[in-house]
Amino acid sequence: MNWNDCIERSNTHSVKWSFPIEDVIPMCIADMDFQVSPAIVEALNRKAQHGIYGYSTFSERYFNSIISWWKKRFNMEINKDWISFSPGIIPGINVLLSVLTKPGDGVIIQSPVYYPFYSTIENHGCSIINNTLLYKDGEYSIDFQDLEEKARHAKTKLLILCSPHNPVGRVWTRDELERIGDIALRHDLWVISDEMHGDLVYEGYEHIPLFKNNDRILEKSILCAAPSKTFNIAGLQTSILLIPNKDLRDQYNEKLTGFGLMRPNVFGIEGTIAAYEEGEPWLRELQMVLEENKQYVLNYLEQHLPELKGIVPQATHLIWIDCSKLGMESEELCTFFLEKAKVKFDEGFKFGSSGNKFVRMNIACPKERIDLALRRMHQVILEQRINQHA
Ligand SMILES: Cc1ncc(COP(=O)(O)O)c(C=O)c1O
């Protein structure tokens with residue numbers, strides 16, 4: 001794999017690269033500018049050559065590829081029966097909420113957090129209950145006292161946990177996960193654990209699936225995962241929900257069928273099998289590239305742009321950057337980077353008001369592109385410093 005290749009993505013129907021302003025470097029949207037594992041390309045080519053793309057279904061090989069991945073990556077036994085399908089994590093969470101909540105119920109999230117959680121909760125007439133993460137000395141942690149208080153409320157039904165957390169990049173420790181589980185069980189809350197980024201963990205950290213070695217939480221939780229972030233195949237729209245509780249699983253599958261969402265994409269099945277069976281060597285290389293990119297960005301910010309504080313991610317291919325020293329409000333901040341530097345970030349305020357004055361930077365691209373974006377940012381901040389002192 002050539003990880004330095006700047007592959008052209010404009011005019012390929014890529015969301016990230018369909019930006020209407022010319023010459024903008026998109027450092028937004030959580031997909032990667034790297035080509036996927038050759039094993040996935042071969043599997044999709046084989047399917048394309050077959051030439052018949054009718055309705056598809058799951059096979060033993062598909063289920064086994066998932067079971068083996070969990071065993072290999074997380075040393076966790078999963079039961080085939082738990083495995084349910086969704087075309088995406090967000091559609092899956094929507095279907096779950098339609099089963100688990102009624103209008104007026106409260107759903108806890110931990111902001112700043114992946115912004116579609118907000119509209120997902122609102123879609124079901126539920127209230128968003130914010131257990132805002134604590135932010136101190138450039139690090140994020142859970143406010144457990146606040147979580148306990150909010151969980152205690154009679155209307156609160158559910159917690160959507162983002163593990164690892166997007167955008168702050170935290171990998172929750174065993175102790176934190178146990179405390180979350182205890183609170184949920186004590187207050188009879190369901191936990192939806194979105195573990196979409198669970199494979200993209202940096203050296204020195206370990207992603208622990210919520211219900212690994214925690215049988216008590218098994219019946220009250222759902223684990224969402226997918227090969228889509230890990231292997232850059234989000235466009236194949238094939239995600240996995242692990243639902244150990246049989247009643248819930250039956251209701252989920254019934255709703256999924258009712259919404260007509262139960263059929264997998266013909267290429268998604270092939271992509272998932274190839275990714276989980278043969279993608280690990282590619283993933284190991286990717287992790288080394290991301291480690292380098294992460295260090296490069298953090299060092300660059302520290303050395304040249306002290307106005308910007310990169311929060312050290314423990315996982316994800318994203319860096320959450322505190323821009324509060326620039327003294328700009330959120331929208332102004334993004335316009336500043338977009339119009340002056342021609343670099344597009346995900347705006348921090350979309351992740352909740354605690355994300356105001358932050359931007360989220362995607363580092364899953366060749367170093368050359370990162371370097372160009374950083375140099376452009378450097379230039380406009382230098383100009384701003386000069387203007388401030390003029
Ligand atoms: C934490 C998290 N959950 C879900 C998603 C989106 O999942 P999907 O595209 O499968 O709905 C993302 C995408 O960035 C994400 O970061």
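Predicted model: local features only at pLDDT ≥ 70, side-chain atom pairs only at ≥ 80, totals over all residues.

Colleague: Why does the radius of gyration of the chain agree with that of a compact globule?

Modeller: The radius of gyration is taken over C-alpha atoms, and the globule rule is 2.2 Å times the number of residues to the power 0.38. For 390 residues the rule gives a value near 21 Å, and the chain has 21 Å, so the two agree. Along its principal axes the C-alpha trace spans about 70 × 55 × 35 Å.

Colleague: What makes up the secondary structure of the chain?

Modeller: There are 13 helices and 15 strands. Helices (H or I, at least four residues) and strands (E, at least two) are DSSP runs, numbered from the N terminus.

Colleague: How many strands form the open sheet that contains S7, and in what order?

Modeller: Seven strands form this open sheet, in the order S2-S10-S9-S8-S7-S3-S4, with mixed pairing. Strand S2 (83–86) and strand S4 (127–130) are called edge strands, as each pairs on one side only. The twist averages 25 degrees from one strand to the next. Two strands pair if DSSP finds at least two bridges between them. S7 and S8 meet that condition with five bridges in the parallel sense, and Leu161 stands opposite Ser193 in S8. Strand S3 (residues 106–109) also runs parallel to S7, joined by three bridges, and the partner of Val107 in S7 is Leu158. Strand S8 (residues 190–194) has four bridges to the parallel strand S9 (residues 221–225), where Ile222 faces Ile192.

Colleague: What makes strand S7 mostly covered?

Modeller: A residue is buried if 20 or more other C-beta atoms lie within 10 Å of its own, exposed if 12 or fewer, and partly exposed in between, with C-beta atoms placed from the backbone. In strand S7 (residues 156–162), seven of its seven residues are buried. Across the chain, buried residues make up 44% of the 390 residues.

Colleague: Why does Gly279 count as buried?

Modeller: Gly279 has 26 C-beta neighbours inside 10 Å, and therefore counts as buried. Gly279 lies in the loop between helix H10 (266–278) and helix H11 (280–304).

Colleague: Which residues are in contact with Gly279, leaving aside its neighbours within four places in sequence?

Modeller: They are Ser37, Ala39, Ile40, Phe231 and Ala274; two residues are in contact if their C-beta atoms, placed from the backbone, lie within 7 Å. The C-alpha atoms of Gly279 and Phe231 are 7.6 Å apart, although 48 residues separate them along the chain.

Colleague: What is the pairing in the open sheet of four strands?

Modeller: The pairing is antiparallel, in the order S11-S12-S15-S14. S11 is joined to strand S12 (residues 318–322) by three bridges, and Lys309 is partnered by Asp322 in S12.

Colleague: Which residues are closest to the ligand?

Modeller: Ala30, Gly88, Ile89, Ile90 and Asn166 are the closest of the 13 residues that surround the ligand. A residue is near a molecule if its C-beta atom, placed from the backbone, lies within 6 Å of it. The shell divides into eight nonpolar, four polar and one charged; Ala, Val, Leu, Ile, Met, Phe, Trp, Tyr, Cys and Pro count as nonpolar, Asp, Glu, Lys and Arg as charged, and the others, Gly among them, as polar.

Note on methods: Residues numbered from 1 in each chain as written. Axes fitted to C-alpha atoms, helices over the stretch in contact; angles between N-to-C directions.
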